[in-house]
Amino acid sequence: MTASPDSSATAVEAPSSAAQRGPRPSRRSFLTWSSVAAGTAGLVAATDLGMPSTGTPASAAEVEGMEGVDTTIQSACVVNCGSRCPLRLQVKDGTVVRVLPDNTGDDSLLNRNIRACNRGRNMRERIYSPDRIKAPLKRKEGTKRGEGQWEEISWDEAIDLLAEKLKYTIDTYGNQAVYKNYGSGVWNAAIAYSGGWPRLFNCLGGFLGYYGNYSYGTLMQASYAMFGTEEQFSNSIEETITNGEICVLWGNNPVERRMSGGGVYFTITKMREAGIKVIVIDPRYSDTALFADQYIAIRPGTDVALAAGLAHVMISENRQNQEFLDTYCLGFDEQHMPEGVPAGSSYRAYVMGEGEDGVEKTPQWASKITGVPVDVIINLARELTSGRKVNLTQGWGPQKHANGENQCRAIYTIGAMIGQVGLPGGGTGGQEGYYWPVTSWLPTLDNPVEAKISYYTWPRAIEDGPSMTAKNFGVQGAEKLDSSIKFMLSYGGNMLASQHGDINYLRELLTDETKCEFIVSMDNQMTRSCELSDLVLPDTTTAERFDLVPSEYTGDMAYLISTNQAIEPLYQAMDAYEVCKRVADKLGVREQFTEGNETMEDWARQIYEADAADNADLGFPATYEEFTAQGVHRYHNPEGLTVALKDFRSDPVANPLDTPSGKIEIFSTKMWQAKQEWTIEDPREGDVIDAIPVYRPYWEGAEDTETRKKYPLQMISHHFKGRTHSTYGNLPRNVEAHPQKIWINPIDAAERGITNGDQMDVFNDRGHIRCQAYVTPRILPGVIDVPQGAWLKLDEEGIDHGGAANMLYSAHVTPYSKGNPQQTALVQAAKAPTA
C-alpha cells in the first residue's frame with residue numbers, strides 16, 4: 001500500500017520555477033536548540049551574513065514556525081547517516097530564519113513523521129557558517145599544500161585551471177590517472193551526490209573508479225562471497241515488530257547512528273513497546289543498549305570467537321537447524337563441501353576441533369578470548385535456538401577490524417545455524433532490512449576505463465599505481481594499473497584529512513607534489529581536506545539548489561523528498577553541476593554532458609517524471625510541480641514487509657543465490673580460490689584469507705601481546721550524535737551540545753590519574769590526540785572509545801586537539817576485501833600535562 005501525506009499538514013510552498021525562489025531526548029539534547037531555531041541573534045557574528053533583525057525570538061516550541069516570514073520552502077538534510085530527513089526552511093528577506101521538522105506524517109509505524117535530529121535541525125548554522133568557502137581559491141605559488149596560503153581567483157580562472165590540469169593529466173598519463181575520491185557528505189541526493197563529476201570525466205574518456213565504501217566495504221566483499229550480493233540484509237525492524245519475538249543487535253548501534261524519524265531510532269522504540277526481546281552485543285554500552293533487555297559486553301574484534309563458542313553449544317546439543325544447513329548452505333559440515341577441498345575444512349570441523357588447528361571452540365575457549373562469561377555464551381546459544389522467532393542483525397562495527405571479513409561472516413553463519421533465513425520473524429544475520437528506493441540518480445554514463453581499486457587503497461595508487469595488481473591489491477577490471485593517480489578530486493568528502501586511517505601518513509603523502517600532481521576540492525565548508533588541495537571550489541548547500549532526495553536505510557517506509565532552492569547561493573558559491581557544465585564547455589563536450597539539461601532543476605524534473613511514470617502503482621504524483629507542492633512522498637513495497645531471502649527459502653532451485661554454488665557459502669569457494677592465488681603485501685599477524693570464518697589473533701588486536709607491552713589499550717570509535725562522520729563537526733552548537741570526549745573505564749582512568757573532564761592524551765606510533773576524558777563504566781576495561789569524525793586541530797608539536805580518531809588508526813588494508821580496519825588500534829593513554 002502507499003501512504004500520501006495529508007495535504008493540509010504540508011505547510012510548504014514549492015516554487016514553480018527558479019524565478020520564484022524567493023524523540024526522546026538525551027539529557028543535553030535540548031541544550032540550546034531553541035536559540036538555534038528561533039531567529040538570527042544566536043548566529044556567529046564574525047561574518048556579515050546580511051541577516052535581518054527579528055527582535056524577540058520566536059518560541060521554539062511552536063512547530064508551525066515563525067510568524068511574518070516570506071515563505072516556507074521544502075528542503076532536506078543530506079548527509080551520510082543512512083536516513084535523509086525533510087526540513088522546512090522559513091525564509092525572510094532572502095535569509096533562512098528558522099528550520100522546521102517534517103509534519104507530513106503521523107506517529108504510526110509506516111507513516112511516521114520523518115523528524116530530523118539535532119544535526120539537521122541546526123542547518124542554519126551550517127548555511128551561515130564562517131567556515132563557508134566564499135570564492136574559488138588557488139594555492140599561492142611557492143607554498144606547500146596544507147600551509148593555508150591562498151589566492152582568491154575568479155570562476156573563469158578556476159574553470160580554466162581545472163580544464164587545463166584535467167586535459168594535461170589525460171594527455172600525459174592517460175585517463176586512469178584521474179581519480180574521484182569517495183565522499184559521503186552529499187550522499188545520496190539524486191543529482192548533488194555525483195554533482196556531474198563522473199559524467200564529466202566519462203565524457204572525456206573515463207577515470208579510475210573505486211569499489212566499496214568506508215561504511216561497509218569489508219562486509220560488502222564478504223557478502224558477495226557468501227551470498228552473491230553487495231550487502232545481505234536481514235528482516236526489517238517493522239517485520240520483526242509484526243512477527244518476531246527476539247531481535248539481536250550485534251555490533252549494531254542504530255539509535256546513535258540513525259537517530260532521526262527516518263532512521264531506526266523510532267522503530268527501535270516501537271519494537272520495545274511490542275514486547276520484542278532486544279539483545280545488544282557491543283564493547284560499549286551504547287545508547288541502543290539503553291533499549292535492550294540484555295546487554296553483552298565483548299572485547300573488540302573477537303566476534304568470530306564468540307560465534308564459534310555459540311556454534312559449539314548448538315552443535316554439541318544438536319540445536320542447529322541441520323535441515324536448513326543441508327538444503328541451503330555450502331560448507332557447514334564435511335558432507336556438504338565442494339570437491340577438491342582437504343578434509344577437515346568445514347565450519348563444523350573447525351568448531352569441534354577437527355580442523356587444521358585441532359582446537360575445540362568450547363564456550364570456555366571463547367570466554368577467555370571475548371571476555372563474555374561462559375554461562376552467557378551457553379544461555380545465548382540456547383535462546384537463539386529455542387524455537388522462538390529470532391532476527392539476528394549485525395551492524396558495521398564488527399567488519400571494521402583487521403580480517404573483518406571473518407568477523408561479519410561468522411555472524412552470518414550463526415544466522416544460518418539458527419535457520420530462520422527467509423521466514424517471517426526471522427533473519428539472516430545482516431543489518432536490519434529495508435525497502436530500497438525505486439527512484440533514480442543522475443546518469444553518470446559508461447566509464448570507458450574498466451579498472452577499479454578498493455576505496456581504501458587510493459594512497460597506494462598515488463604512491464605506486466603500476467605495482468597494484470588484481471592479485472595483490474584486488475584491482476578489478478584489469479590485471480594491473482597502468483598509472484599512478486596524478487589528478488584527484490575531493491567532492492563533498494573529507495577522506496584526505498579526516499576519514500581515512502593514519503592522517504599523518506596521508507599528510508606526508510599528499511604534500512609531496514611529485515606524487516599526485518593536482519588536487520581539487522569542492523565543498524561548502526573549508527574542511528581539512530580542502531586545506532591539502534591546490535584548488536578549492538565553493539559549493540552550494542542544499543538550501544541553495546534544487547534536487548531530489550530519496551530515503552535509504554529507513555526500513556519498510558521508503559520516501560522521496562523534494563528539495564527546492566530556498567535562498568540565492570551565498571558569496572560566490574556555485575553548484576557542482578554548473579561547474580562541470582562549464583568545464584565540459586571548455587573541453588568541447590558540453591552537448592554530450594548536458595543532454596539539453598542546463599540546470600539541476602532541469603535534471604530533477606526529468607528524473608522525477610520518468611520515475612513517477614515507471615512507478616505509478618506506488619502513488620507518485622504525476623508531475624514534478626505536483627510533487628514539489630506535496631514535498632514528501634511515502635511509499636511501501638507492494639509485496640509487504642521485508643523478509644530477506646524469502647524467495648530463496650521457498651525454492652532454492654528456482655531462486656538460487658548469485659554464488660558459485662547457488663547457496664549460502666559458509667565455505668566460500670571464491671575466497672578459497674583467492675587464498676590459493678593471491679599474495680598479501682606487507683602481511684601482518686592475522687592477514688590470512690580464510691574460506692570459512694575462523695578466529696585468528698591479529699595485529700593490534702585483543703591478543704597482540706607484543707604491541708600491548710607499549711600500547712596496552714584497544715581503541716574503537718562510534719558514530720557520534722554531534723555530527724555525521726565529519727559533517728556538522730565544525731558547528732559551535734553541535735560541539736557545545738556534544739563535545740568530543742574520549743571514553744575510558746574508571747579502572748583504566750584510575751591507573752593513569754585521570755578523572756572525568758580532565759584533558760587526556762591518547763597516542764601510538766602513528767599519532768597523538770588530546771581532548772576531554774569521559775570516565776564511565778559504559779566502556780570495557782582495557783578499551784577506550786574515540787568518537788569518529790572529529791575535525792583535526794593540530795598544534796606545532798603535531799598533537800591533535802580535535803580528537804580525530806584516524807590519527808591513530810592504520811591505513812593497512814584487510815586481506816580479502818582490501819577494506820578499512822578502522823576499529824583496530826592499540827594505544828596508550830595518559831593525563832595531559834597542565835600548562
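Colleague: In which loop is Lys818 found?

Modeller: Please keep in mind that this is a predicted model. The loop that holds Lys818 has a strand on either side, and these are strand S25 (783-785) and strand S26 (826-831). Lys818 is therefore found in the loop between S25 and S26.

Colleague: Is Lys818 buried or exposed, and what is its phi?

Modeller: A residue is called buried when its relative accessible area is under 20%. Lys818 has 1% relative accessibility, so Lys818 counts as buried. As for the backbone, Lys818 is a residue other than glycine, yet its phi is positive, with a value near 55°.

Colleague: Where does His725 lie, and is it buried or exposed?

Modeller: His725 is not a glycine either, although its phi is positive, at about 55°. The residue lies in the loop between strand S21 (713-716) and helix H26 (732-737). Because its relative accessibility is 11%, His725 counts as buried.

Colleague: Which residues does Glu383 contact, leaving aside neighbours within four places in sequence?

Modeller: Glu383 has its place in helix H14, which covers residues 374-384. With a relative accessibility of 16%, Glu383 counts as buried. Leaving aside the neighbours within four places in sequence, the residues in contact with Glu383 are Ile246, Lys277, Ile279, Gln294 and Arg388.

Colleague: How many Å apart in space are Glu360 and His312, C-alpha to C-alpha?

Modeller: Glu360 lies in the loop between helix H12 (347-351) and helix H13 (363-370), and with a relative accessible area of 38% it is partly exposed. Not counting residues up to four places away in sequence, Glu360 touches Val351, Met352, Gly353, Trp365 and His312. Glu360 and His312 are 48 residues apart in sequence, while from C-alpha to C-alpha their separation in space is 8.2 Å.

Colleague: How many residues does each side give to the contact between domain 1 and domain 3?

Modeller: Domain 1 covers 69-126, whereas domain 3 is made of 216-433 + 644-675. The C-alpha centres of these two domains lie 36 Å apart. Their contact takes 16 residues from domain 1, and from domain 3 it takes 13 residues.

Colleague: Why can the protein chain be called as compact as a globular protein of its length?

Modeller: The chain has 27 helices and 26 strands. For 835 residues the globule rule gives 28 Å, and the radius of gyration of the chain is close to this value, so the chain is as compact as a globular protein of that length.

Key. Residues numbered from 1 in each chain as written. Predicted model: local features only at pLDDT ≥ 70, side-chain atom pairs only at ≥ 80, totals over all residues. Heavy atoms only, no water. Helix = DSSP H or I, 4+ residues; strand = E, 2+ residues; numbered from the N terminus. Rg over C-alpha atoms; globule rule 2.2 N^0.38 Å. Domains from an automatic or database assignment. Contact = heavy atoms within 4.5 Å. Buried < 20%, exposed > 50% of the residue type's maximum accessible area, 1.4 Å probe, protein only.
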